[in-house]
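My entries follow in the order in which I checked them.

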Amino acid sequence: MRPIKTLLLNNIIDIKPILEAKKKPNVVITTHHKPDADALGSSLGLSLLLKQIGIDATVITPTDYGDFLKWMSGEDTVINFEFNQKKSKEIVSKADLVFCLDFNALKRINEFGEIVRLSSAKKVMIDHHLQPDGFEDYRLWSNIASSTCELIYWFAEELSYTHLINKDIASCLYAGIMTDTAGFKHSSTTPTTHRVTAHLLEKGAKSNLIFEAIYDHYSENRTRFIGFCLNEKLQIIREYNTALVCVTADELKRFNIKVGDSEGLVNYGLSIEGIKLSVLIVDRTVARKMSFRAKGDFPANEFARKYFNGGGHFSAAGGESKEPLEEVEATFKQAITEYSNILSQ
Ligand code: 5GP
Ligand code: MN
């Protein structure tokens with residue numbers, strides 16, 4: 001179970017002596033903004049693992065995250081940079097190591113990224129997205145890993161820590177693998193993913209309870225909001241086999257939509273027969289945030305990069321725009337015409 005050996009440039013093993021030195025290093029763990037289950041699960045899973053070797057790491061998230069993640073062990077110790085800027089800066093300034101999980105470019109974590117960049121701490125990047133920008137000193141990167149949580153397991157394996165994985169760690173890691181693979185459905189789910197997952201179950205992760213904690217935790221508002229979007233906002237552009245939902249700032253307010261509530265909405269469009277591209281555009285006031293999900297040959301990440309200052313995976317990507325919602329919608333409708341050879345067939 002050691003695909004890591006075949007990965008180029010991964011020098012993660014070199015941090016073992018730092019972690020095991022007599023004088024324990026000060027460790028910060030951070031992840032991308034609006035953390036999902038993979039981002040928070042990998043951060044808390046790693047922090048609990050480091051605790052087992054006597055290191056008290058601090059998890060700092062650039063922003064808040066959804067309530068559906070608040071069952072994770074250690075969640076109550078997470079520092080939210082948005083609300084604790086001074087404290088976060090102080091902690092980073094004293095850090096020897098900053099782990100950056102589930103993202104690979106510091107610009108992805110906005111203002112907090114600059115603080116991390118300027119700190120004298122060594123940076124460790126553990127991630128599975130394309131095109132790492134190379135800011136790190138140590139890396140464990142693979143775009144064939146299903147999730148960053150799977151990579152944390154590889155990390156444990158590489159540093160000979162798997163025997164330290166307990167039920168709490170296993171539950172955090174299981175959550176991220178389950179959600180990033182959409183319940184072991186995506187093609188990123190490999191035999192290794194299943195072997196890792198099997199081990200996490202043996203360590204005590206309860207698949208049914210984790211599923212319920214994450215997916216059966218929506219507010220009534222959120223459920224009505226999804227219904228509203230599917231009934232009244234869904235546009236089907238048959239010529240390009242594309243599904244589109246645009247959500248205005250007023251609608252977010254009307255349904256009292258919180259961080260994480262629009263998660264998953266973009267997948268509905270893709271479940272319609274024949275649809276090859278599904279897009280969600282949400283007016284988050286500061287910017288228009290876009291989510292892209294595709295099937296087949298449509299390069300969602302290339303598209304997001306080219307038109308919407310974004311990126312991501314081949315079939316699941318995101319981006320954003322400062323233009324008004326109507327203009328973003330128009331730009332999108334124009335942009336897909338460039339891909340008619342892939343979308344229109
Ligand atoms: P989501 O649609 O769930 O927000 O994002 C799907 C994937 O797209 C994420 O895993 C992430 O890799 C990527 N992504 C989302 N938003 C952005 C963005 O603004 N810039 C870049 N480079 N990637 C993004
Ligand atoms: Mn991920």
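How many Å from an oxygen atom of ligand 1 does a polar side-chain atom of H129 lie? I read 3.2 Å for H129. I keep in mind that this is a predicted model.

I then went through other polar contacts of ligand 1. S291 brings a polar side-chain atom to 2.6 Å from a ligand oxygen atom. G318 uses a backbone N or O atom instead, at 3.2 Å from an oxygen atom of ligand 1. I noted that the protein covers 75% of the 500 Å² of accessible area that ligand 1 has on its own.

Next I looked at the shell. I found 13 residues around ligand 1, with H129, K289, S291, R293 and G311 the closest. Strand 10, strand 11 (311-312) and strand 12 (316-321) are the elements that each give two or more residues to this shell. Strand 12 gives the most, four residues. By type, I have two nonpolar, eight polar and three charged residues in the shell.

I turned to the rings and found 18 aromatic pairs in the structure. For F292 and F303, the ring centres are 5.5 Å apart and the planes stand at 85 degrees; over 60 counts as edge-to-face, so I filed the pair as such. F292 belongs to strand 10 (residues 288-294) and F303 to helix 12 (residues 300-308), 11 residues apart. Both F292 and F303 are buried. I also placed them in one aromatic cluster with F298, Y307, F308, F332 and Y339.

Last, I checked charges over rings. The charged end of R222 sits over the ring of Y218, 3.6 Å from its centre. R254 lies over the face of F228, 4.8 Å from the ring centre.

Definitions and conventions: Residues numbered from 1 in each chain as written. Chains lettered and ligands numbered in written order. Predicted model: local features only at pLDDT ≥ 70, side-chain atom pairs only at ≥ 80, totals over all residues. Heavy atoms only, no water. Phe/Tyr/Trp six-rings, centres within 6.5 Å; stacked < 30°, edge-to-face > 60°. Buried < 20%, exposed > 50% of the residue type's maximum accessible area, 1.4 Å probe, protein only. Lys NZ or Arg CZ within 6 Å of the ring centre and 35° of its normal. Near = heavy atom within 4 Å. Polar contact = N/O pair within 3.5 Å; in protein donor to acceptor, adjacent residues only side chain to side chain. Areas by Shrake-Rupley, 256 points an atom, 1.4 Å probe, with all protein chains shown as cover. Nonpolar A, V, L, I, M, F, W, Y, C, P; charged D, E, K, R; others polar.
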